[in-house]
Amino acid sequence: QVQLVESGGGLVQAGDSLRLSCAASGRTVSRYAMGWFRQAPGKEREFVAAISETGLNTGYTDSVKGRFTISRDSAKNTVYLQMNSLKPEDTAVYYCAARETPGLPTMSRVYDYWGQGTPVTVSS
């Protein structure tokens, strides 16, 4: 069983940067593809970024492309989401997720494991 724990969220101003971390405990997460999702109040959970199990392939939703970077450190069983040039529209609870099958899916229902979320608030 894989347990994912997000951290690094907080309250920042527009234009600031944050780095979110997703640490795995128990079974190693190094063999899984990973994704980041976010959910704002009253909104559907949406895909943000994904990274393959090798770290060689990444994908992003258009609204964060060029601002956010997903990466992973296999030695630490940790996945990161570097968020630069934050905007108020980025305000949401951010979740990391893992899946056992290959690829870079954007649909939340295909992911097998989820973290509890870390909130990010961007003020103007």
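Select Arg45 and Tyr95: Arg45 lies over the face of Tyr95, 4.0 Å from the ring centre. A charge counts as over a ring if NZ of Lys or CZ of Arg is within 6 Å of the ring centre and within 35 degrees of the ring normal.

Before moving on, some ground rules. This is a predicted model, in which local features need pLDDT of at least 70 and side-chain atom pairs count only at pLDDT 80 or more, while totals for chains, interfaces and linings use all residues. Residues are numbered from 1 along each chain as its sequence is written, and side-chain values use heavy atoms, with hydrogens and water left out.

**Stop 1: Met107**

From Arg45, go to Met107. The two are 62 residues apart in sequence and 9.6 Å apart in space, C-alpha to C-alpha. Met107 sits in the loop between strand 9 (92–99) and strand 10 (113–114). Strands here are DSSP runs of E with at least two residues, numbered from the N terminus. Buried means under 20% relative accessible area, exposed means over 50%, and partly exposed lies in between (1.4 Å probe, protein chains only).

**Stop 2: the aromatic cluster**

Select Phe37, Phe47, Tyr111 and Trp114. Ring pairs link these four into a cluster. The structure holds five aromatic pairs. Rings of Phe, Tyr and Trp (its six-membered ring) pair if their centres lie within 6.5 Å; planes under 30 degrees apart are stacked, over 60 edge-to-face, and the rest tilted.

Look at Phe37 and Phe47. Their ring centres are 5.7 Å apart and their planes stand at 75°, so the pair is edge-to-face. Phe37 is in strand 4 and Phe47 in strand 5, so this pair ties together parts 10 residues apart in sequence. Both Phe37 and Phe47 are buried.

Tyr111 lies in the loop between strand 9 and strand 10, so the pair with Phe37 in strand 4 ties together parts 74 residues apart in sequence. Tyr111 is buried, as is Phe37.

**Stop 3**

Select strand 4 (33–39). Six of its seven residues are buried, so strand 4 is largely enclosed by the rest of the structure. Two strands pair if DSSP finds at least two bridges between them. Strand 4 and strand 9 pair in the antiparallel sense over seven bridges. Which residue of strand 9 is the bridge partner of Gln39? Val93 is.

Turn to strand 5 (46–51). Five bridges join strand 4 to strand 5, and the two run antiparallel. Gly35 stands opposite Ala50 of strand 5. In this hairpin, six residues lie between the strands, and Gly42 takes a positive phi near 75°.

**Stop 4: the disulfide**

Select Cys22 and Cys96. They form a disulfide, with sulfur atoms 2.0 Å apart. The rule is a pair of cysteine sulfur atoms within 2.5 Å, and by it the count comes to one disulfide. Cys22 lies in strand 3 (residues 18–26) and Cys96 in strand 9, so the pair ties together parts 74 residues apart in sequence. The torsion about the S-S bond is about 60°, so the disulfide is right-handed. Cys22 and Cys96 are both buried.

**Stop 5: the cores**

Select Leu4, Trp36, Val48, Phe68, Leu81, Met83 and Tyr94. These have the most contacts inside the largest nonpolar core, which has 27 residues. Such a core is a set of buried Ala, Val, Leu, Ile, Met, Phe, Trp, Tyr and Cys residues joined through side-chain atoms within 4.5 Å. Elements giving two or more residues to this core include strand 1 (2–7), strand 7 (68–73) and strand 11 (118–123). A second, separate core of five residues includes Phe47, Ala50, Ala97 and Tyr111.

Zoom in on Phe68. Leaving aside neighbours within four places in sequence, its contacts (heavy atoms within 4.5 Å) include Arg38, Tyr60, Asn84 and Asp90.

**Last stop: two loops**

Select Asn77, in the loop between strand 7 and strand 8. Its phi is near 50°, a positive value in a residue other than glycine. Asn77 is partly exposed, with a relative accessible area of 21%.

Finish at Ser85, in the loop between strand 8 and strand 9. Ser85 has a positive phi of about 50° although it is not a glycine. Ser85 is partly exposed, at a relative accessible area of 40%.

How values were computed
Helices (H or I, at least four residues) and strands (E, at least two) are DSSP runs, numbered from the N terminus.
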